[in-house]
Amino acid sequence: MSEAMVDSVNGRAKPKSRLKEPICLDLRSIDGTADASTQIETVTSESSTNTVPAEDISSMELANVPKDEESAQNRLYIKRGHVVNHDGMQQADVYIEDGTVRYVGSGADFVVPGGCRTIDATGKLVMPGGIDPHTHFQLEFGGTVSVDDFYKGTKAAVAGGTTTILDFVLPKKGESLLEAYDAWRARADPKVVCDYGLHVGITWWSKSVRDEMRILCQERGVNSFKCFMAYKGLYQLNDSELYEVFETCKELGAVAMVHAENGDIIAKNVTKLLTEGVTGPEGHELSRSEEVEAEATNRACVIAHQTKAPLYVTRVTSKLAAEQLSQAKRRGLVVYGETLASSLGCTLTSVKPNQLVYYTTSPPIRKDPETPRHLVKFLALDDLQTTGSDNCTFNRNQKELGLKDFSKIPNGVNGVEDRMSVVWEKGVQTGLIDPQRFVAITSTNAAKIFNLYPRKGRIAPGSDADLLIWDPKAVRTISASTHHQACDFNIFEGMKCHGVPEFVIVRGRVCVEYDLIRVAEGQGSFLETPVYPSFVYDALNGVARPEEGLEEKHARNGIQGLELNSKSGHEVDIPDTYALPEKYIPGPALSVISGDSQLSTPHSARGHRPDGQKNMQESTFSISEELDKSEARSCIRVRAPPGGKSSGFW
């Protein structure tokens, strides 16, 4: 029996559906009764049930579903929440239909359809689902395979508030990039529970690799290629090859990525340490110091600048490396930096020597206890733009394969489930960043860099309904005994984190409800990441965006206290230069605002706006259907979504 068909609460097997995939997963309590503590309103008897339709259900099978029940399966109304995007916060209600956000605004100006599930988000933040730009599921490394496959890994991601992941295709030396890509798709497509995209590693270089990069960009939905400056003899490219890869990325409109460590120096250091008898896991960090990472980071920036290619540096783990990116950016280079949950949430200072083997990853988690704070500050200043997990999990027995030779330890740690909470704890809870910047570094920036925005990384009419209802005051303790990953230990064990995703909604489906997780294998989809992302190539071509100065002003200053009910006269209305194109939005009325409506922010002196009125007579009402003209005149005014330049993925 598939793991996806086992009840996550008590391990009890669910009865098999008559279909190949389960149609629905009941979100009511185990005995079938409604739980009043969940703050969920039911409009009809069906509205307390969330359904997960199989992707291949035929229209014939759905024809037997009553209209009222069908409408309850794909409609969700979130009221009284504080909607947080990277460029602003506002008190607003959110209406979701068919996996898409249809309305964001005042409840006073919206008629809630009958048969619609309603969630009360009073005192909570409603944020875009997290995007983890760096995972390695089912990866062969060091003679073994990481234990989180695409089902377990994406399930854990969703449990922690991440609703999109970007994994890496890593061909073996000499292997066709296209064949490796097909292998990754075959592993992922039947298992993912959230949407995913793929980067492709360039682990060797030839004319055929160049030709296949072009095919991947033009036909397979890939716009990013990762080079390794480390792992000599396995993945490492020399500077001449890096130059050609970066040059090709620029020609194709792709984003060049690097793992920045000086592999030649590391190889020399490893040999020297082993010869001197340093064989334990402490040798790993000794062989690849901060300056080894910083040198490679600077060299990658120089090569990218020579080829005029945009550069994304993965997994920055040290202050020295982050400073290199900061300096490059101030010289006018188009460079982006990613740091990791492991580097923000851990240091090796207090790790016992016999436990170091479980923390081994490259570049390493650093010893300096100030490193996490330094990295958060670089995130706050926009010298680093994204946070990933680099989730590549191995169990204790796999890690211990290298106990007597640190060069044989499988590299990688957990993080996909805990990334959002760790970033909140180290960033927002400490007052170094605010919720808007949190959204930027956990979701929006990755969506922009890899050309998924505003479909992903934003709560707006027309965007995918991937979002969180986040309780900033709730506290949880991270532990391997409660996490959903396959790994039998957790590097964040015992860490208390403020900020918990109470609800996680994936393409309109409530997949996490407090401690209940309801997902099905294969419910996610592959995301194409088209070339020439506007956010990246506009910067490369010197095209300034109006939002940049405002983002600097409003989204980078930390706040010491997050008071959702504070009142002041401050309101922010920042234009979105990446607005959804009209052709993407089906139906004539996705944004329904009254003529005199003014949305209030969390600091608005107006107080909270009234709830939306429920349409109890017509449970099959759809906001995307045409309304009677007289009804429209008396109830609402239709406002078309703001125009804007497409990011190119439509």
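Colleague: Which side chain does the side chain of Asp 405 make a polar contact with?
Modeller: The Asp 405 side chain pairs with the side chain of Ser 407 at 2.6 Å. A polar contact here is a pair of N or O atoms within 3.5 Å; within protein, one must be able to donate a hydrogen and the other to accept it, and residues adjacent in sequence count only if both atoms are side-chain atoms. Keep in mind that this is a predicted model: local features need pLDDT of at least 70, side-chain atom pairs count only at pLDDT 80 or more, and totals for chains, interfaces and linings use all residues. Residues are numbered from 1 along each chain as its sequence is written, and side-chain values use heavy atoms, with hydrogens and water left out.

Colleague: OK, and where is Asp 405, and is it buried or exposed?
Modeller: Asp 405 sits in the loop between helix H13 (396–399) and helix H14 (419–428). Its relative accessibility is 16%, so Asp 405 counts as buried. The cut-offs are under 20% relative accessible area for buried, over 50% for exposed and partly exposed in between (1.4 Å probe, protein chains only). Helices (H or I, at least four residues) and strands (E, at least two) are DSSP runs, numbered from the N terminus.

Colleague: What does Asp 405 touch, leaving out residues up to four places away in sequence?
Modeller: Leu 274 and Thr 279. Contact means heavy atoms within 4.5 Å.

Colleague: Switching to helices: how do H4 and H5 cross?
Modeller: The axes of H4 (residues 177–188) and H5 (residues 207–219) come within 9 Å and cross at roughly 40°, so the two helices are oblique to each other. Axes are lines fitted to C-alpha atoms, for helices over the stretch in contact, and angles run from 0 to 180 degrees between N-to-C directions. Under 35 degrees is roughly parallel, over 145 roughly antiparallel, 65 to 115 roughly perpendicular, and the rest oblique.

Colleague: Which residues meet there?
Modeller: From H4, Leu 177, Leu 178 and Tyr 181; from H5, Val 209, Glu 212, Met 213, Ile 215 and Leu 216. That contact divides into seven nonpolar, no polar and one charged.

Colleague: Last one, the overall picture: how many helices and strands?
Modeller: 18 helices and 24 strands. Buried residues make up 61% of the 650 residues. Among contacts between residues at least 6 apart in sequence, 80% join residues at least 24 apart.

Note on methods
Ala, Val, Leu, Ile, Met, Phe, Trp, Tyr, Cys and Pro count as nonpolar, Asp, Glu, Lys and Arg as charged, and the others, Gly among them, as polar.
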